[in-house]
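Please open the model in your viewer and keep the selection panel at hand.

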Amino acid sequence: MKVITTKGVVKIYNPDKIPVKALDGVDLEIKEGEFTAIVGPSGSGKTTLLNVIGGLDRPDEGDVEVGGHDIDAMSDNKLIDFRKEHIGFVFQAYNLIPVLTARENVEFVMLLQNRPKKERRERAEELLRAVGLEDKMDKRPSELSGGQQQRVAVARALAPKPDFILADEPTANLDSKSTANLLDIMARLNEEEKITFIFSTHDQRVIDRARRVVTLVDGKVATDEVRG
Amino acid sequence: MLFRLAWRNIWRNKRRTAITAASILFAVFFASFMEAFQKGAWDHLISSVVNYYYGYVQVHQKGYWDEQTIDKAFPLVDSLKQLQEKAPKVQQVLPRIESFALASTGEHTSGVMVVGIDPQVEDAMTKLRSRISDGNYLKVDEEAALVAEGVAENLGLGVGDTIVLISQGYHGVNAAGKYPIKGMVNFGSPELNKQMVYLPLPVAQYFYGANGLVTSLALQIDDQDDIKPTLRALNSQLDTAAYEVMDWKDLLPDLVEAKTLDSAGNIIVYVILYLIIAFGIFGTILMMSKEREYEFGVLISIGMHRWQLGLTVWLEVIMLGLLGAVLGIVAALPVVWHFHLNPIRFSGDYAEAMEKFGFEAIFPTLFEAHIFLTQALLVFILTAILALYPIFKIRKLKPVEAMRA
């Protein structure tokens, strides 16, 4: 079983000027197949925790293991390759490549994995169908609504068949209908394909759908609630 | 897909791309035209000077050019008369015997250069016949002289008068002769006008006591591109211990120096032009790098290696540079072609001064592929260097900080 483990993770910003402890000894274990929300007030360390787990940022203290790999020990290039194979990201601002179509955006990550063209195309179309965008495949991001763009971002995150999807405030810019729609898709993928989702959020609609809710306060785990 | 991504990125900000491409277009257009004009003008000038007298290539006895004396005359054997067989690009071989003499009439004496020529072949290259201002042109088998107007004026001579020449001939023999003046020639150059006297070759050879000998063979070559093959062919087939083969650059070092100086001046203009363009391109690159920091962070986050991202951005800048360069070439081609066919003509004092020296005051542009390709290559190198900046930025980029920006 693939697991994410953090042990005593500390992250301090501006260590030389006015130090800000974004994470202060976070111990956490997230198992394969979970649908977990990391919640907390602004500045509590949610995004930092996701960045550290995703290898986008390195902890100042403590260990982070993802699927048994000590990601802190990896070189920059190894870490990029590791992220590409094992972790999918969904960002608050969608962050699609504006000059590529929806299909090309999804294909792009697989291109970085050197997957054959036919396989890339088939999987991109399959994923876009799965997120309900079969009729928008050739549209560029500027031609899609916020909700549609975020669904493309989810399809892109799923494209390399990652073990974990890390979603940083994925519904922050979406209306209620788009949020519900996106959560339905992610919940279905979690249940049917056992993909692990970890969200940072303060959106109650997301928190309500999560099966585990980890609350951070001042960079520490305050509560960890597992729901039936 | 990296290529496609780079190409589409160029068109993300159409106005900025258009402005950058237009500035490169202008630089390439201006630099191409300037170079074509400068090289064309020089080619025309060199061709005029060379065909005026020297020829693009000359053959002498070894050591003649350093010490120009009649004693270094050499026999004009049949194989030398037929140099075309050794070097097919040679159109005509102009045999000459030349040395200095005293010209005299009554109480006036003047130093002159007496040149023995084959009138027919001489005219084919130097158009000497067209310079006749009075009287008639020489025939090869007559004892007569063509005298430059300045010489005639100094000595108070006219057509039909007799000129007396005295000199030291081959290996110290006394050279003396008198010749009726058959025609006057006018040279634009005052230097030539003051000293040139032409005799038919056999007459001059007899005068110098050098029967069958010449001091130089001037070779008429129509195309400058044929000079090097001709030099190669002659150097490999003639006995280089006995003969020297020299091209116009060896014969006219002052002209080469003037051309080099003029080109050096233009290089400064090119450097300024390209510096301005470089700042323009760099400004675009700076803006683009700053604007897309966030996107670069995202791309690295989702698994794009820094080198792949750097390559994409590099390709963008290169494509932008080449786009401008190609447009610049396309814009310059018809203009350069037009002035190649319809050279710029100067008038007024400048034209008069040039014509005085026997040169037409026209400046055709040189229409050759290498002029345009050089500019494209320069832009390519320039943009390739400038495009290293975003690569450097991407190498140092921290995705989290970039995405927080």
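Select chain A and colour it by secondary structure: it holds 7 helices and 10 strands, where helices (H or I, at least four residues) and strands (E, at least two) are DSSP runs numbered from the N terminus. The radius of gyration of chain A, taken over C-alpha atoms, is 17 Å, close to the 17 Å that the globule rule (2.2 Å times the number of residues to the power 0.38) gives for 228 residues, so the chain is as compact as a globular protein of that length. Its C-alpha atoms fill a box of roughly 50 × 40 × 40 Å along the principal axes.

Before zooming in, note that this is a predicted model, in which local features need pLDDT of at least 70 and side-chain atom pairs count only at pLDDT 80 or more, while totals for chains, interfaces and linings use all residues. Residues are numbered from 1 along each chain as its sequence is written, chains are lettered from A and ligands numbered from 1 in the order in which they are written, and side-chain values use heavy atoms, with hydrogens and water left out.

Staying with chain A, colour by accessibility: buried residues make up 57% of its 228 residues, buried meaning under 20% relative accessible area, exposed over 50% and partly exposed in between (1.4 Å probe, protein chains only). Among contacts (heavy atoms within 4.5 Å) between residues at least 6 apart in sequence, 68% join residues at least 24 apart.

Next, select A:Ser42, in the loop between strand S3 (35-39) and helix H1 (46-53) of chain A. A:Ser42 is exposed, with a relative accessible area of 64%, and its C-alpha atom is separated by 9.5 Å from that of A:Asp218, 176 residues apart along the chain.

Now show the charged side chains. A salt bridge here is a side-chain nitrogen of Lys or Arg within 4 Å of a carboxyl oxygen of Asp or Glu, and the count over all chains comes to 29. Select A:Lys21, A:Asp24 and A:Lys220, which are linked in a network of salt bridges; within it, the closest N and O atoms of A:Asp24 and A:Lys21 are 3.5 Å apart. A:Asp24 is partly exposed at 22% relative accessible area, as is A:Lys21 at 45%.

Move on to A:Glu107 and A:Arg121, whose salt bridge has its closest N and O atoms 3.8 Å apart. This pair links distant parts of the chain, with A:Glu107 in helix H3 and A:Arg121 in helix H4 (residues 117-130) of chain A, 14 residues apart. A:Glu107 is buried at 4% relative accessibility, whereas A:Arg121 is partly exposed at 39%.

Finally, display chain B together with chain A. Here 23 residues of chain B are in contact with 27 residues of chain A, and the two chains bury about 2,200 Å² between them, 65% of it on carbon and sulfur atoms; buried area is the accessible area (1.4 Å probe) that two parts lose on being put together, summed over both. The count of salt bridges between these chains is 2, including one in which the side chains of B:Arg8 and A:Glu104 meet at 2.5 Å, N to O. Helices H1 (2-10), H12 (293-301), H13 (306-341) and H17 (399-404) of chain B each supply at least two residues of the side that touches chain A, and the largest share, 6 residues, comes from H12(B).
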